[in-house]
Amino acid sequence: MLYRRVLCVVAALFAVLLPLSGCGTGAAPKGEAPPQVVLTAGSEAEEGQGTQQPAEGAGSHSAALTQPAVCTVFFINVGRADATLVQAGERNYLIDTGEKSSVVDLIAGLHIAGVTALDGVFLTHTHSDHIGGFAVLAREFPIARVYRAAISENRKDGSNKIDERAADAGLSLTELSAGDTVPLAEGLAFEVLGPLEYNAEDDNDNSLVLRLSAAGATFLFAGDMQFAEEETLLRAGVELAADVLKVGNHGNPDATGETFGAAVSPRYAVIPTDRSVDANSANARVIAALGDAEVIVTDETEAGVLITVAADGTLRVSEPRAAAQAFALSIVSVDRGNQTAVIKNNGADADISGCMLFSERGGELFRFPEGTILPGGQTVTVSGEGGGGEFRWTGEAKPWNTKKDDAALLYDPLGNLLSRFD
């Protein structure tokens, strides 16, 4: 078994910005998506798509792609949480949204992938490390539909956290049951494998389990499924074999049993986690249960792991890197009473579209809209309720926590930290 960091380091991905469209309200641009950057090695890109060659000396986990990509699966590094982007043609689907605290990483990952709208968001279960980023995501990106498992943990009053979040965002929700299929693009669909039965003890074991087949390559997305749900699928004789496994429950030892690991027998196994937060994740027993799979842990990557499927079924694994953009921005003041933050441009005139202001304790995010130009030496004010200024936080009247210390953090569009104000 090979357990190591992905060695295929590609040249930095630079996001393609839409044409400037004037200042707005902080919502994501709703025009056509910029061309997707397809990672290739010595091959021509699809018509209408950019080409990014690997850095000199970079390796690959497979032969160079010689055919256009059928789809890409981007396991975004959102810390000890889950967020997986599936792109097929011009369609974008997200499985889980990470924690509220990791929403900057989520949006940066979507920016790297050129996403401006989502055709569907699948929320595997109700835990915060899978749905915590949804509210901010829904304010920043148009979302066509939300999906969840029909079998899902409700509160004592019968309400469901996922239903509430979809309703708050004004979005349609579809419940999925085992045996359902969700078309993604021509010839591609998610198959719903589970859950098969309700588990009242732990909503991890009510996780939505999805399988995707693309040009003969198969992906299995296990949510936070643990031993109990694994056993229900095994007993039912569900076909689990897959080339790529999104490992359940962050690779903790209460998931991915030996029998399940043998049934899946993946070539690649991706574990989304941050071991500095959860030392028990990416557990040695789990890695052993994955047999000969090459195990990739997202905390060993910068932005995450990208797996590209070619038309002949060839898989290519690479690591997108978010190169810092040239900004000389700083947060010069935060008035938590008036809910305002002032940002200064200490350099030349700059297009700050997509830069993100984040309240660390409040967990709220403001993203500068397309066409935002900040002249050198000038400041701009972002405010919540009653604060005035050029921009208002969207969806949250009081983004700053007034009872406890709440640091302000400013990021470039790729998630690189530019400034912190405590």
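Predicted model: local features only at pLDDT ≥ 70, side-chain atom pairs only at ≥ 80, totals over all residues.
Two strands are said to pair if DSSP finds at least two bridges between them.

## An open sheet of four strands

Four strands form an open sheet of mixed pairing, in the order β18-β19-β24-β25. Strands β18 and β25 (391–392) each have a single partner strand and stand at the edges, so one side of each is left without a neighbour in the sheet. Between strand β19 (residues 340–345) and strand β24 (residues 379–383) there are five bridges, and the pairing is antiparallel. Within this pairing, Lys 344 stands opposite Thr 379 in β24.

Strand β18 covers residues 329–335 and includes Ser 330. Which residues does Ser 330 contact, leaving aside its neighbours within four places in sequence? They are Val 342, Ile 343, Lys 344, Asn 346, Leu 410 and Ser 419. With Asn 346, the side chain of Ser 330 makes a polar contact of 3.0 Å. Val 342 is 12 residues from Ser 330 along the chain, and the C-alpha atoms of these two residues are 8.6 Å apart.

## The chain as a whole

The protein chain contains seven helices and 27 strands. Of its 422 residues, 55% are buried; a residue counts as buried when its relative accessible area is under 20%. The chain exposes about 16300 Å², of which carbon and sulfur atoms supply 47%. Among contacts with a separation of 6 or more, 67% are between residues 24 or more positions apart.

Strand β3 (residues 69–76) is mostly covered, with seven of its eight residues buried. This strand has antiparallel pairings with strand β16 (residues 304–310) and with strand β4 (residues 84–88). Val 73 faces Ile 307 in β16, whereas the bridge partner of Phe 74 is Leu 85 in β4.

Strand β12 (residues 217–221) has five of its five residues buried, so the strand is largely enclosed by the rest of the structure. In a regular strand the side chains alternate between the two faces of the sheet. In β12, Ala 217, Phe 219 and Phe 221 point one way, while Thr 218 and Leu 220 point the other way, and all are buried.

Strand β12 pairs with strand β11 (residues 209–214) in the antiparallel sense and with strand β13 (residues 244–246) in the parallel sense.

| Strand pair | Sense | Bridges |
|---|---|---|
| β19 and β24 | antiparallel | five bridges |
| β3 and β16 | antiparallel | seven bridges |
| β3 and β4 | antiparallel | four bridges |
| β11 and β12 | antiparallel | five bridges |
| β12 and β13 | parallel | three bridges |

What caps the N-terminal end of helix α4 (residues 161–168)? The cap is Asn 160, which has a side-chain oxygen 2.9 Å from the backbone nitrogen of Ile 162. After α4 comes Gly 170, with a positive phi near 70°.

Helix α4 also contributes to a pocket. The second largest pocket has a volume of about 290 Å³. It is lined by 14 residues, and the closest to its centre are Gly 132, Phe 134, Ala 135, Val 136 and Arg 165. The elements that give two or more residues to this lining are α2 (128–131), α3 (134–140) and α4. Helix α3 gives the most, with five residues.

## A buried loop residue

Asn 283 lies in the loop between β14 (268–271) and α7 (284–289). Is Asn 283 buried or exposed? Its relative accessibility is 16%, so Asn 283 counts as buried, the cut-off being under 20%. Apart from neighbours within four places in sequence, Asn 283 is in contact with Gly 251, Asn 252 and Pro 253.

Definitions and conventions:
Residues numbered from 1 in each chain as written. Heavy atoms only, no water. Polar contact = N/O pair within 3.5 Å; in protein donor to acceptor, adjacent residues only side chain to side chain. Buried < 20%, exposed > 50% of the residue type's maximum accessible area, 1.4 Å probe, protein only. Contact = heavy atoms within 4.5 Å. Areas by Shrake-Rupley, 256 points an atom, 1.4 Å probe, with all protein chains shown as cover. 1 Å grid on protein atoms, 1.4 Å probe; cavity = no way out; pocket = protein on both sides within 12 Å on 5 of 7 lines; lining within 4 Å. Points joined across faces, edges and corners; volume = space filled by probe spheres on them.
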